[in-house]
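User: I would like to go through this model with you, one topic at a time. Shall we begin?

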Amino acid sequence: MHHGLPRQGPGSDATTRHLLSLCGPLPRRPRVLDLGCGPGRSALLLAAEAGAEVTAVDLHEPFLDELRAEAAGRGLSDRIRPVVADMGRLPFPDGSFDLVWAESSAYCLGLDTALRTWKRLLAPGGTLVLTECEWTDGRPSAGARAFWDRHYALRPGPGNLALAQAAGYRVLGTYRQPDSDWDAYYGPLRARAAAVRAAGDPAPALAAALAATREELDVRARHGHEYGYTGYVLRPVTAGDGGPWRVRPETPADVAAVRAVNLAAFDTPLEADLVDALRADAAWLPGLSYVAEGPDGTVAAHALLTRCRIGGAPALALAPVAADPRVQRSGAGSSVVRALLGAAAERGESLVVVLGHPEYYPRFGFVPASRYGITAPFEVPDEALMALVLDASGPVPAGTIGYPAPFGV
């Protein structure tokens, strides 16, 4: 079904070039690892246009044979080294590559595993580029979920961003791939499927592949507006990125420091008292209270997620978020919120609500909660009550937020 097709996933040379442009300056002859390269369209472009030395990895030797032949025809054999290997067990030393490239292949491991597994391969200043299929509709239909839940657990974009940030990357850029990238993949595949059908009576394995392909094409035709591929250009965070903050889960030794930060950040002790009360409440979720500490180990910011309910379904409430006034506008608060949301996404949480400043929280992907039919149990401006869907594989609950008892509402 797939041999001889130009691509094994949605993409285009234009998208590859755009993602490359988001990486910023590269070494004169960058060392590139192309993972799940298939017949190697990206590898060929990176070798020809970025002057890269490309190690192209795939498990399927016939795809690599196609790449070898094409590289030879373009005079690029000295720049492309095909390797048969498993993306999850790569035989390369740490720090071997300036650029790790994975178009339409991270799903083979799962995004969270890919982010962790491939990070070690990057040289100092190196960049990870990957594309990931994700929900683009906050309320994907039952038909779309029925297909994807059997194949791969899609997340919405904010959930994927949170995962990347929690894994220790800063985001250099993102790019939503156009529909034409899907056409470049599905057009040849559709023609191949038609040819297989016309040939008649395929072998059982090919018949199964044909049926799966026809289902995939049909789902895309009916539900393609609900999901799409997004490219992520990521670089591991270093000490000089966005401030000196080390972000981590709270420990028992941090309790007093967390209280001090909340006392300093707010005009009254109500928020500090709330945190202490939530620690003793059933709504407390170990591992979802995060702090940011400076180089001297002092806790400078704190953010907390606790269990709430919306229409009877479990969700998370983000509150409070506090930064010591001496470090406000330094990135400490943003760093701790991003890491906390990433931790929630990695745990499989699906929805977070927050009551806060409408010019601050949208940077993390929050949108007005009213879009999902979510309301507060008290009067609040529409733009101040926000929601973030971390996992849209199920329906987003609607209704009034039921806060834990310590909130007093």
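User: Is Cys-308 buried or exposed?
Analyst: This is a predicted model. In it, Cys-308 has a relative accessible area of 1% and is therefore buried.

User: And Cys-133, buried or exposed?
Analyst: Cys-133 counts as buried, at 4% relative accessibility.

User: How many disulfides are there?
Analyst: The count comes to zero disulfides. For Cys-133, the nearest cysteine sulfur belongs to Cys-108 and is 13 Å away. A disulfide requires the two sulfur atoms to be within 2.5 Å.

User: Turning to the sheet, what is the strand order?
Analyst: The open sheet of seven strands is ordered β3-β2-β1-β4-β5-β7-β6, and its pairing is mixed. At the edges stand β3 (80-84) and β6 (169-176); each has a single partner strand, so one side of each is left without a neighbour in the sheet. On average, neighbouring strands of this sheet are turned by 20° against each other, direction ignored.

User: How many bridges join β2 to β3?
Analyst: Five bridges join strand β2 (residues 53-58) to β3, and the two run parallel. Within this region, Asp-58 stands opposite Val-84 in β3.

User: Now the charged side chains. How many salt bridges are counted?
Analyst: The count comes to 23 salt bridges. One of them joins Arg-89 and Asp-86, with an N to O distance of 2.9 Å. Arg-89 is exposed, at a relative accessible area of 66%, whereas Asp-86 is partly exposed, at 23%.

User: What does Glu-250 pair with?
Analyst: The side chain of Glu-250 meets that of Arg-279 in a salt bridge at 3.0 Å, N to O. This pair links distant parts of the chain, 29 residues apart: Glu-250 is in the loop between β8 (246-249) and α9 (255-265), while Arg-279 is in helix α10 (residues 270-279). Glu-250 is buried, with a relative accessible area of 17%.

User: Which residue forms a salt bridge with Arg-279 at 2.9 Å?
Analyst: That residue is Asp-276. Because Asp-276 and Arg-279 are three residues apart in helix α10, about one helical turn separates them. Salt bridges that share partners join Glu-250, Arg-259, Asp-273, Asp-276 and Arg-279 into one network.

User: Last topic: which residues make the nonpolar surface patch?
Analyst: Leu-355, Phe-378 and Val-409 make a nonpolar surface patch of about 250 Å². Leu-355 lies in strand β12 (residues 351-355) and counts as partly exposed at 41% relative accessibility.

Note on methods. Residues are numbered from 1 along each chain as its sequence is written. This is a predicted model: local features need pLDDT of at least 70, side-chain atom pairs count only at pLDDT 80 or more; totals for chains, interfaces and linings use all residues. Side-chain values use heavy atoms; hydrogens and water are left out. Buried means under 20% relative accessible area, exposed over 50%, partly exposed in between (1.4 Å probe, protein chains only). Patches are made of residues with over 30% relative accessible area and no salt bridge: like charges are joined within 9 Å, nonpolar side chains (Val, Leu, Ile, Met, Phe, Trp, Tyr) within 5 Å. Accessible areas come from the Shrake-Rupley method with a 1.4 Å probe; for residues, only the protein chains shown count as cover. A salt bridge is a side-chain nitrogen of Lys or Arg within 4 Å of a carboxyl oxygen of Asp or Glu. Helices (H or I, at least four residues) and strands (E, at least two) are DSSP runs, numbered from the N terminus. Two strands pair if DSSP finds at least two bridges between them. Axes are lines fitted to C-alpha atoms, for helices over the stretch in contact, and angles run from 0 to 180 degrees between N-to-C directions.
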